[in-house]
Amino acid sequence: MSTQQGHPALKAGAACLDITPPLGVAMAGYRRTRYAKGIHDPLCAKALVLDDGRTQIALVALDLICISKEHVDRARESIEERCGIPPEHVTCWATHIHTGPVTHEDMPAGDPDEEYMALLPRKIADSVEIAQGNLREARWGVGLGRQEGLSFNRRANRRGRPLPPGTNELLQLLREGVVPQGPEIGLEEWEEKASAIDPEVGVLYFEGTDGSPIATLVNFALHCDTVGGELFSAGYPYYLSQVLKQAKGEDMIVLFANGPCGDINHIDRRRGPRKGFGEAERIGTILAGEALKVLADMEMNSSISLRAAGRRLVLPRKTISEEEIEAAKDVLKRVPPDQDRRERFYAEDLLHLAGTEEEIGTEVQAVALGDVALVALPGEVFVELGLEIKRRSPFERTFVVELADDYVGYVPTREAFCEGGYEVMTARTSKLAPGAGEMMVEAALELLEQLARGRKELSL
């Protein structure tokens, strides 16, 4: 990467703040309710503040399953008041761990702890204030690695084994040799499309002018659901952080940014389920190894230009018919809770959503660091949508981060709604209408074009 002339020297500061809840709170990640009984490793808010002499931005990674727009807005207000960083220059995302607290009312596993949630925005602001206080002259670098064999498209993984009722009807039809409705597509072509993953490992690194490490940001698209149980844990990002800190320095802050992985997990159907802390350590260690390879070849730069932009977005919600409402009511009448909890779960959620507003207000955000862009999307985004943003981005390198600044549930592709699967079945975690994901993509690309134009103007 060549040095950018005419730009002031970069300053960078980072901080890590423990945000582990008290034991006994409900844990998110599954339909059943679990209550935390211990702590395997602490949950953290990790903040990185960057300053180019004109602009400051704050990036915050949270060891949580998700975060609501309400809590992000409250944190941003506090950050602006205490640090002077405007709300549109603050990006917060959740790493999507399944061994942390319930943080959103749409989570099916219990209610958020009110005292914890009331304190969370303040903790986020605290992490940014500490990071800002740690600002010092710095150098930075960026690189891309590639790691295959860790992530698998779980919708394709259902192929070749019995399908639960109501899941991925298209695959069932394909297996039976029935031509589905809609555009015709061959089995091999569909299999290739349905097996999409994003193997890129994006790495941003910041160090002081004396060579001491400040922070590393790692971007990779893989569900953080490798552990389970009733112990708080940051999952595989914890092990990723530990290995990188051992290699580069214990004072370095490691921020993990999960790429679009609404349809991606770590389960290879050829090997079957692999779960537990050993599996989390395996994944985190492999990712760390790839990140270290990238760091070894990274060219450092002492100047930077920072820009940020956001857009409010109104997404269409699924329309629920009277027939669906009546069918859901019938389920609750005839199906005992202990007989088919899954069927009752969807019936209860559908009735909960019935009569709600037809649109969902949210936001998409983009941040530019020189010729690198970071796109922040608010939900469990299907990998194909993230790949489309990368493909069409005007920037040399683009990192896409999901579950940022808000939570709108699953964000499938338009085609996925025809294919079936639980990710598109109407529920509080799946309430967007077909096309909402593509709207996010177009909004993100417009922001990227805006930032790219701003970069050209700065270079004139």
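This is a predicted model: local features need pLDDT of at least 70, side-chain atom pairs count only at pLDDT 80 or more; totals for chains, interfaces and linings use all residues.
Visitor: How far does α2 reach from end to end?
Guide: Helix α2, residues 114–133, has 20 residues, and its first and last C-alpha atoms are 30 Å apart. That is close to the 28 Å expected at 1.5 Å a residue.

Visitor: Where does α2 bend?
Guide: The bend is at Leu120 and amounts to about 35 degrees; a proline, Pro121, follows within four residues.

Visitor: Let us stay with Pro121. Why does Pro121 count as buried?
Guide: Pro121 has a relative accessible area of 4%, and the cut-off for buried is under 20%, so Pro121 qualifies.

Visitor: What does Pro121 touch?
Guide: Leaving aside residues up to four places away in sequence, Pro121 touches His71, Arg74 and Ala75. The C-alpha atom of Pro121 is also 9.3 Å from that of Glu70, a residue 51 positions away along the chain.

Visitor: Changing topic to the aromatics: how many aromatic pairs are there in the whole structure?
Guide: The search finds 4 aromatic pairs. One of them joins Tyr236 and Phe256 edge-to-face, with 5.4 Å centre to centre and 75 degrees between the planes.

Visitor: Where do Tyr236 and Phe256 sit?
Guide: Tyr236 belongs to helix α6 (residues 236–248) and Phe256 to strand β13 (residues 253–258), so the pair links distant parts of the chain, 20 residues apart.

Visitor: Are those two residues buried or exposed?
Guide: Tyr236 is buried, at a relative accessible area of 0%, and Phe256 is buried as well, at 3%.

Visitor: Why is the pair of Phe345 and Tyr346 called edge-to-face?
Guide: Their ring centres are 5.0 Å apart and their planes lie at 85 degrees, so the pair is edge-to-face. Both Phe345 and Tyr346 are buried.

Visitor: What lies over the face of Phe345?
Guide: Arg31 does, at 4.9 Å from the ring centre.

Visitor: Which residues of α9 are buried?
Guide: They are Arg344, Phe345, Tyr346, Ala347, Asp349, Leu350 and Leu353. Helix α8 (322–334) is included in what covers the buried residues of α9.

Visitor: How does the span of α9 agree with expectation?
Guide: Helix α9 (residues 341–353) has 13 residues, which should span 18 Å at 1.5 Å a residue, and its end C-alpha atoms are 18 Å apart. After α9 comes Gly355, with a positive phi near 85 degrees.

Visitor: Stepping back, how many helices and strands does the chain have?
Guide: There are 12 helices and 20 strands. The chain has 460 residues, of which 59% count as buried. Among contacts with a separation of 6 or more, 82% are between residues 24 or more positions apart.

Visitor: Finally, what is the average pLDDT, and where is it below 50?
Guide: The chain averages 87, and 87% of the residues score at least 70. The pLDDT is below 50 over residues 1–5, a stretch with 15 contacts beyond near neighbours in sequence. It also stays under 50 over residues 157–187, where the model has 47 contacts beyond four places in sequence.

Notes
Residues are numbered from 1 along each chain as its sequence is written. Side-chain values use heavy atoms; hydrogens and water are left out. Rings of Phe, Tyr and Trp (its six-membered ring) pair if their centres lie within 6.5 Å; planes under 30 degrees apart count as stacked, over 60 as edge-to-face and the rest as tilted. Helices (H or I, at least four residues) and strands (E, at least two) are DSSP runs, numbered from the N terminus. Buried means under 20% relative accessible area, exposed over 50%, partly exposed in between (1.4 Å probe, protein chains only). A charge sits over a ring if NZ of Lys or CZ of Arg is within 6 Å of the ring centre and within 35 degrees of the ring normal. pLDDT is the predictor's confidence in each residue, from 0 to 100. Contact means heavy atoms within 4.5 Å. The expected span of a helix is 1.5 Å times one less than its number of residues. The bend at a residue is the angle between axes fitted to the seven residues ending there and the seven starting there.
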